[in-house]
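I opened the file today to look up a few local details. My notes follow in the order I made them.

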Amino acid sequence: MITKASLQDIPALTVLINSAYRGETSKKGWTTEANLLEGKRTDEQEMTEIFLDPKNTILKYTENDQIIGSVLLVEKGQQLYLGMLTVSPELQNSGIGKKMLAEAENHAKALGLSSIIMTVISVRDELIAWYKRHGYVDTGEREAFPVSEIHVTISEKPLEFIYLEKVI
């Protein structure tokens with residue numbers, strides 16, 4: 001079931017997101033960034049800040065009282081920014097991500113927004129191809145990858161974000 005997440009979900013969401021993006025557990029799934037980045041993907045402080053901004057919505061996918069998927073949706077003008085799409089590593093390739101994308105589209109339509117945008121790390125070819133199969137196109141826009149205590153780059157290749165967009 002996909003519902004809106006709340007502040008009470010922050011601990012579970014933080015564990016889920018970090019398990020899917022970084023560290024050894026993330027290597028069980030195909031969306032890992034563990035070969036590119038070290039450190040955590042997020043922390044409870046960042047998640048709290050996300051929840052406190054009224055332009056942000058986090059949807060959660062729950063099964064048997066466990067959060068196994070989530071996505072961050074941010075209203076940005078006439079667009080909805082989609083970020084941190086997460087599915088538990090051992091459940092990836094089961095259709096949950098596709099359902100989360102569809103629900104993000106429903107959310108955008110309900111807000112009267114015309115498109116969904118996202119950023120993806122440029123070297124994540126398999127992930128970019130997955131989004132393209134779901135109707136997203138490369139806008140040609142690029143952005144430098146942020147350097148911070150959370151995003152510790154270990155990739156030998158230079159990283160940048162590419163923007164993908166889907167008109168709805």
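This is a predicted model: local features need pLDDT of at least 70, side-chain atom pairs count only at pLDDT 80 or more; totals for chains, interfaces and linings use all residues.

**Entry: Asn18**

I started with Asn18, which sits in helix α1, residues 10-21. Is Asn18 buried or exposed? Its relative accessibility is 14%, so I logged Asn18 as buried, the cut-off for buried being under 20%. Next I checked its side chain. A polar atom there lies 2.7 Å from the backbone nitrogen of Arg41. I then listed what Asn18 touches, leaving out residues up to four places away in sequence: Lys40, Arg41 and Thr42.

**Entry: strand β3**

I moved on to β3, residues 56-63. How many of its eight residues are buried? I found six, so the strand is largely enclosed by the rest of the structure.

Then I looked up its partners. Strand β1, residues 2-4, pairs with β3 in the antiparallel sense over three bridges. In that pairing I found Lys4 bridged to Leu59 of β3. Strand β4, residues 66-76, also runs antiparallel to β3, and eight bridges join the two. Here I noted Thr57 opposite Leu73 of β4. The hairpin of β3 and β4 has two residues between the strands.

**Entry: nonpolar cores**

Which residues touch the most other members of the largest nonpolar core? I got Leu82, Leu85, Val120, Tyr131 and Tyr136, in a core of 25 residues. Elements that each supply at least two residues of this core include β3, β4, β5 (79-87) and β9 (160-167). Helix α4 gives the largest share, five residues.

I followed up on Leu82. Leaving aside neighbours within four places in sequence, its contacts include Val71, Leu72 and Leu73. Leu101, Ala104, Tyr131 and Tyr136 are also among them. Apart from this core I found another, of 17 residues, with Ala5, Ile17, Tyr21 and Val74 among them.

**Entry: confidence**

Last, I looked up pLDDT. The protein chain averages 90, and 89% of the residues score at least 70. Which element has the lowest mean pLDDT? That is strand β2, residues 37-38, with 66. The highest mean among the elements belongs to β3, with 98.

Key. Residues are numbered from 1 along each chain as its sequence is written. Side-chain values use heavy atoms; hydrogens and water are left out. Helices (H or I, at least four residues) and strands (E, at least two) are DSSP runs, numbered from the N terminus. Buried means under 20% relative accessible area, exposed over 50%, partly exposed in between (1.4 Å probe, protein chains only). A polar contact is a pair of N or O atoms within 3.5 Å; within protein, one must be able to donate a hydrogen and the other to accept it, and residues adjacent in sequence count only if both atoms are side-chain atoms. Contact means heavy atoms within 4.5 Å. Two strands pair if DSSP finds at least two bridges between them. A nonpolar core is a set of buried Ala, Val, Leu, Ile, Met, Phe, Trp, Tyr and Cys residues joined through side-chain atoms within 4.5 Å. pLDDT is the predictor's confidence in each residue, from 0 to 100.
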